[in-house]
Amino acid sequence: MVTVLGIDPGYATMGYGIISDDRQTPGADEWGCVKTSKSDGDSPIRLGLIYKGVVDLIERFSPESMAIERLFFARNTTSALQVSEARGVIILAAVHHDIPVTEYTPNQVKVAITGSGSADKRQMQEMITRLLRLPEIPRPDDAADGLSLALCHINCSRGRR
């Protein structure tokens, strides 16, 4: 059994999905979000909350690997910097627990899940729901993205196992 932690990095909302794969059928163990807001405190406090959230997931599920979305561009530099900082503490949590991290672009995730790099968000969510045999589309969107990243990693890793 292989367990993968998929992370959609964010400063205010970090989506995650935990998928276990027994090489027959992957299954979603949990999905959700770690959220921070201005009311939590300044940037170091919020980054600490993200770090603690990831460490909690690692300690509860003991994933063999982490899949995280690679940032490829940003129009809003302030937002891009905050997400980059969040990615840093997320990756640091994995490294501190000896968990290998693989980065995927949004296009790589779309191709691995739907077979098309032009799939829209709704198509991705419907495909994740079908592939993981979930009763409904995972909410919020950030959590569905976390599941997509984890399933992308499983699909891309199968040939390497």
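## Helices α3 and α5

Helices α3 and α5 lie roughly perpendicular to each other, because their packing angle is about 70° and angles of 65 to 115 degrees count as roughly perpendicular. This description, like the rest of the report, concerns a predicted model. The axes of α3 and α5, the latter covering residues 141-157, are 9 Å apart, and the crossing of the two helices is left-handed.

On the α3 side, the residues that meet α5 are Gln 108, Val 109, Ala 112 and Ile 113. Their counterparts in α5 are Ser 148, Leu 149, Leu 151, Cys 152, Asn 155 and Cys 156. By class, the contact of α3 with α5 has seven nonpolar residues, three polar ones and no charged ones.

## Helices α3 and α4

Helix α3 (residues 106-114) also packs with helix α4 (residues 121-131), at an angle of about 45° and with the axes 10 Å apart. That angle makes α3 oblique to α4. Here too the crossing is left-handed.

From α3, the contact takes in Val 109, Lys 110, Ile 113 and Thr 114. From α4 come Gln 123, Met 124, Met 127, Ile 128 and Leu 131. The residues where α3 touches α4 divide into six nonpolar, two polar and one charged.

In soluble globular proteins, nonpolar side chains tend to be buried together. In this model, the largest nonpolar core has 21 residues, of which Leu 5, Ile 7, Met 14, Met 66 and Ile 90 touch the most other members. Two or more residues of this core come from each of β1 (2-8), β2 (13-21), α1, β4 (65-69) and α2 (77-96). Helix α1 contributes the most, with six residues. A second, separate core has 17 residues, including Met 124, Leu 134, Leu 149 and Ala 150.

Met 14, a member of the largest core, has contacts beyond its neighbours within four places in sequence. Those contacts are with Ile 7, Asp 8, Pro 9, Gly 32, Cys 33, Val 34, Ile 50, Val 54, Leu 57 and Ile 90.

## Asp 56 in helix α1

Asp 56 belongs to helix α1, which spans residues 43-61. Asp 56 has a relative accessible area of 35% and is therefore partly exposed, as this class lies between the buried limit of 20% and the exposed limit of 50%.

Along the chain, Asp 56 and Ala 93 are 37 residues apart. In the model, their C-alpha atoms are separated by 9.7 Å.

How values were computed
Residues are numbered from 1 along each chain as its sequence is written. This is a predicted model: local features need pLDDT of at least 70, side-chain atom pairs count only at pLDDT 80 or more; totals for chains, interfaces and linings use all residues. Side-chain values use heavy atoms; hydrogens and water are left out. Helices (H or I, at least four residues) and strands (E, at least two) are DSSP runs, numbered from the N terminus. Buried means under 20% relative accessible area, exposed over 50%, partly exposed in between (1.4 Å probe, protein chains only). A nonpolar core is a set of buried Ala, Val, Leu, Ile, Met, Phe, Trp, Tyr and Cys residues joined through side-chain atoms within 4.5 Å. Contact means heavy atoms within 4.5 Å. Axes are lines fitted to C-alpha atoms, for helices over the stretch in contact, and angles run from 0 to 180 degrees between N-to-C directions. Angles under 35 degrees count as roughly parallel, over 145 as roughly antiparallel, 65 to 115 as roughly perpendicular and the rest as oblique. A crossing is left-handed if the near helix is turned anticlockwise from the far one by less than a right angle, and right-handed if clockwise. Ala, Val, Leu, Ile, Met, Phe, Trp, Tyr, Cys and Pro count as nonpolar, Asp, Glu, Lys and Arg as charged, and the others, Gly among them, as polar.
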